[in-house]
Amino acid sequence: MKKWVYLFDEVREVEKAAGGDWDSVKGIVGGKGAGLLDMTRAKVPVPPFFTVTTEACNEYQKTGKFPKGMWEQELVALKQIEKKTGKKFGDPKNPLLVSCRSGAKFSMPGMMDTVLNIGLTDQTAEGMVQLTGNPRFVYDSYRRLVEMFGTVVLGIPDEAFEAPMNAYKAKKGYKLDVEMTADDWKQMVQEFRQVVQREKGIDFPQDPFKQLELATEAVFKSWNGKRAIDYRRHEHIPDDLGTAVNIVTMVFGNMGDESGTGVAFTRNPSTGEEKMMGEYLLNAQGEDVVAGIRNTNAIENLKNQMPEAYEQFMDITGKLETHYKEMQDVEFTIENRKLWMLQTRNGKRTAKAAVKIAVDMANEGLITREEAVKRVTPEQVDALLHPHFDDKAKQNAESSGSIFAKGVNASPGAAVGQAYFDADTAEKMAKESKQDVIMVRPFTKPDDVHGMIAAKGVLTSEGGATSHAAVVARQFGIPCIVGASSIKIDLEKREMAVDHTVVKEGEWISIDGTTGNVYVGKIPMTAASLEEQTELMTLLTWADAICTDPKTRVSPKGWPTRGLQVWANADYPKDARRARSYGAVGIGLCRTEHMFFEPERLPIVQRMILAETSAERTAALNELLPTQRKDFDGLFEAMDGYPVIIRLIDPPLHEFMPSEEDLLEEVITMRVKGETAGLEEKEHLLNAVKGMHESNPMMGLRGVRLSIAMPEIVEMQVRAIFEAAADCAKRGIVVKPEVMIPLTGTVKELEWIQPRLVRIAKAVMDEKGVSFTYKFGTMIEIPRAAVTSAEVAELAEFFSFGTNDLTQMTFGYSRDDAERNFLVTYVEQGILPKNPFQTLDRDGVGRLMKMAIEDGRTTRPNLEVGICGEHGGDPESIEWCHLIGNNYVSCSPFRVPIARLAAAHVALKHKGSVRKQGARPVKKAAARLSATKAKAKSRIATRKAARKAKAASRKK
Ligand code: PEP
Ligand code: MG
């Protein structure tokens, strides 16, 4: 016969059924049941109990009936409890009372049902009065049973019981429950029984067994109650786990002033401080403590009121924490000075407490450093590093209907400020009027960056997670929400509106970049910085140590065997310094074009673009050279000893020019007004901008294509890089420059541009009389480059996956428009599991990456591989990068700590097993390697010979 019920002393039997694994034990008897069994084994005073399994619950869900034999097993177990307690269920002289408590594998606090005081009837209540001499307690307990049974088992609404209760108290002139006498409670029992009769047409069962049977069934049913289902959806708890039912002997904290009940955490769950935190009430039942109707006492006071019980409680909870090696959340009851433990479970805690408890426990030797690292989630680190709204204030704002709109949570953290609708005004108000500013735009462009930098937060009504606003905000650590499409921005009227709620320029708004919520008005915030969080800093150094273990990944020769490194995307020296202080060990992407947008440089850049001859262009570039050199100098200095990847110019040139519409408007206005001064110049500019127009600029003249069309720009950039590196090297700084060519689609592009850039690099080193190692490599952003990576790697000494573009090109989704137009619906409808611009699509984009690495390393086994798209800071994407053999991930400086922790998590999760993920076995890869190497050699030889022949024919 299948075992559906386990007794309090049957922990071994459950372990056997579960195959000895504690997680599976919890799967069978639920978290609460497992805790009770484990405590009983450890001789902790737990009231005798038995547990009906989750398997029984699942059977019930299928058939709507108790599985065969289950009820009989309950009755047998009940007999054992009677034996242990010396009481008898339903016996009027010495009645046993029990509670019926839900308890799933994962804690679902308050989501399912519980019935207390089962076994009380008119008869047993009288018996209890005789036994305890405390009729007030007995009838209070009895009316609680009728009420709970009525609401939980029979589904009667709470109000049906509250109404007669309130009427009774009013009649008697009572304000509080404590004023109710024994007779009053006895009267309430009768009134509540009438409620049951009225509402359901049945009498409250006077058969204790019927009470138990129906209560068990009600707990089973509550697994599929709305609350429980909603909670499971939110917490990603599977629906097929089922709940166990714990039938536990009742012990009473409401037996008088020698009794009490309480809850406690073994450490402070909000700060992590190593000090018991709890509260209790004398003469009360469990729910009174949490219900907040009476003022509770701090647990320390128990020491004076009941010293022995307190000592015993501290001793037991200390042992429980040592046993579980985790902060415990316990429930206890003292019945006539005797302590009973009713529950122990790992306590929920804030992010701050999670870090402190993990680090403290490792320092105390309770857990290993690896375990400490595992216990903190990347989301918790994220929460700690960004200013966030005060929880209470946020709840108040939400319940009072202050949510204005919802958008894509593009850059985490909270910000409060006055709304301004263009970059210039935002900057002016921040700088001159010293206001806290939120810049609000339909979308942002590179020439809005000054406004974004000046702002506390950015809000756009269009764009997605990799839109300009999102990328730049993340890079600067500015909270940002994009694509809040319900907001209608009226730039003329200087206001925005959602339905009838209008926010005018200068009015206060609050944005939560972590959730994507926009609020009207100001919400108070709490701030954070990494340097001040010593425990977090310690935890992250432990995470790094995990990743540096050279036995983390089993890989072919040349591939990384340690875990991932974390580099940062940084354009300016101050970002690089921040990246270093956050623990980045390299710059994975410096987007040089951002430097071109600085107000004093933009006119020179525009002159360079409009140049009609190469000489004119070179003259403008020569003006830019010293400033670019200075930028790079600062980067190398900040990253002394660490690699710095500098990407050559990438965006289409029209991005550096005024918009065609603006120019046209200006020209028309000038013409209408008859203004001639400067008109010709404007018209010339307009024509030039028109000439640059492309229907698909993202697929147009940009990246390496632009470098081939106008090599002078990248030649200047490479000169600036190497001059800066040489100057730094002379000052004793260790420089490791890596020049990155963007948007390569075919190796031929590299063949065209790379040698002439390498020549410049060498020439500069000769001129300066210094030499240092450097690399030339490429971004893999175009599927063709990924597919032909074996050839690309002939020239490229490193790959960096630009997964923003690679995702765009692989899906064929515009990275600027998709989220606004259809991506949200796709995710809602389950067409896509997640937004692929936030979390790597492993099946498509991820597969291309994997193939690119494997093929690239057949040509160049020690090819350095990184990722610098926005996915580099996303924990799930980081896992994929580890599995496919990346050397590092690169993300915005503010995400570096999150990535360090995530990298350690995957290193621990996949230790030694990385190449299992469908990659080609090592032997095959080695065979392929030599074959491809041979092919590559012959290709290179053929090309060399062709070049020689060409040169020879030119000489002739
Ligand atoms: C990318 O495409 O992933 C990338 C990093 O480049 P950008 O976002 O600048 O196009
Ligand atoms: Mg790109």
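These legends describe close-up views of one predicted protein model.

The model is predicted: local features need pLDDT of at least 70 and side-chain atom pairs count only at pLDDT 80 or more, while totals for chains, interfaces and linings use all residues. Residues are numbered from 1 along each chain as its sequence is written, chains are lettered from A and ligands numbered from 1 in the order in which they are written, and side-chain values use heavy atoms, with hydrogens and water left out.

**View 1. The whole chain.** The chain has 38 helices and 33 strands. Helices (H or I, at least four residues) and strands (E, at least two) are DSSP runs, numbered from the N terminus. Along the principal axes, the C-alpha atoms fill a box of roughly 120 × 75 × 50 Å. Of the 956 residues, 55% are buried. Buried means under 20% relative accessible area, exposed over 50%, and partly exposed in between (1.4 Å probe, protein chains only). Take the contacts between residues at least 6 apart in sequence: 69% join residues at least 24 apart. Contact means heavy atoms within 4.5 Å.

**View 2. Helices α29 and α30 cross.** Helix α29 spans residues 711–730 and helix α30 residues 747–768; their axes come within 9 Å and cross at roughly 35°. Axes are lines fitted to C-alpha atoms, for helices over the stretch in contact, and angles run from 0 to 180 degrees between N-to-C directions. The crossing is right-handed. A crossing is right-handed if the near helix is turned clockwise from the far one by less than a right angle, and left-handed if anticlockwise. Residues in the contact include Val-714, Val-718 and Phe-722 of α29, and Trp-752, Leu-757 and Ile-760 of α30. By class, the contact has eleven nonpolar, no polar and eight charged residues. Here Ala, Val, Leu, Ile, Met, Phe, Trp, Tyr, Cys and Pro count as nonpolar, Asp, Glu, Lys and Arg as charged, and the others, Gly among them, as polar.

**View 3. Helices α14 and α21 pack together.** Helix α14 (residues 351–363) packs on helix α21 (residues 534–548) at an angle of about 65°, with the axes 9 Å apart. This crossing is left-handed. Val-355, Lys-356, Val-359, Ala-362 and Asn-363 of α14 meet Glu-535, Leu-536, Thr-538, Leu-539 and Trp-542 of α21. The contact has six nonpolar, two polar and two charged residues.

View 4. Glu-82 forms a salt bridge with Lys-79, the closest N and O atoms being 3.6 Å apart. A salt bridge is a side-chain nitrogen of Lys or Arg within 4 Å of a carboxyl oxygen of Asp or Glu. By this rule the count comes to 58 salt bridges. The two residues are three apart in helix α4 (residues 70–85), so about one helical turn separates Glu-82 and Lys-79. Glu-82 is buried, at 10% relative accessible area.

**View 5. Asp-549 pairs with Lys-911.** Their side chains meet in a salt bridge of 2.4 Å, N to O. The pair links distant parts of the chain, 362 residues apart. Asp-549 lies in the loop between α21 and β26 (565–569), and Lys-911 in the loop between α37 (896–909) and α38 (922–955). Both ends are partly exposed: Asp-549 at 23% relative accessibility, Lys-911 at 44%.

View 6. Arg-647 forms a salt bridge with Glu-593, with the closest N and O atoms 2.7 Å apart. Arg-647 is in strand β28 (residues 643–647) and Glu-593 in helix α23 (residues 593–596), so the pair ties together parts 54 residues apart in sequence. Both residues are buried. Salt bridges link Glu-593, Arg-647, Asp-650, Arg-702, Asp-805 and Arg-815 in a network.

**View 7. Asp-448, buried without a salt bridge.** Asp-448 lies in the loop between β17 (437–441) and α19 (449–454). The nearest side chain of opposite charge, Arg-441, is 4.2 Å away. Lys and Arg count as positive and Asp and Glu as negative; His and the chain ends are not counted. Not counting residues up to four places away in sequence, Asp-448 touches Ala-423, Met-439, Arg-441 and Phe-443.

View 8. Asn-117 has phi near 65°. Asn-117 sits in strand β6 (residues 114–118) and is buried, at 1% relative accessible area. Asp-499 has a phi of about 50°. Asp-499 lies in the loop between β21 (495–498) and β22 (501–504) and is exposed, at 72%.
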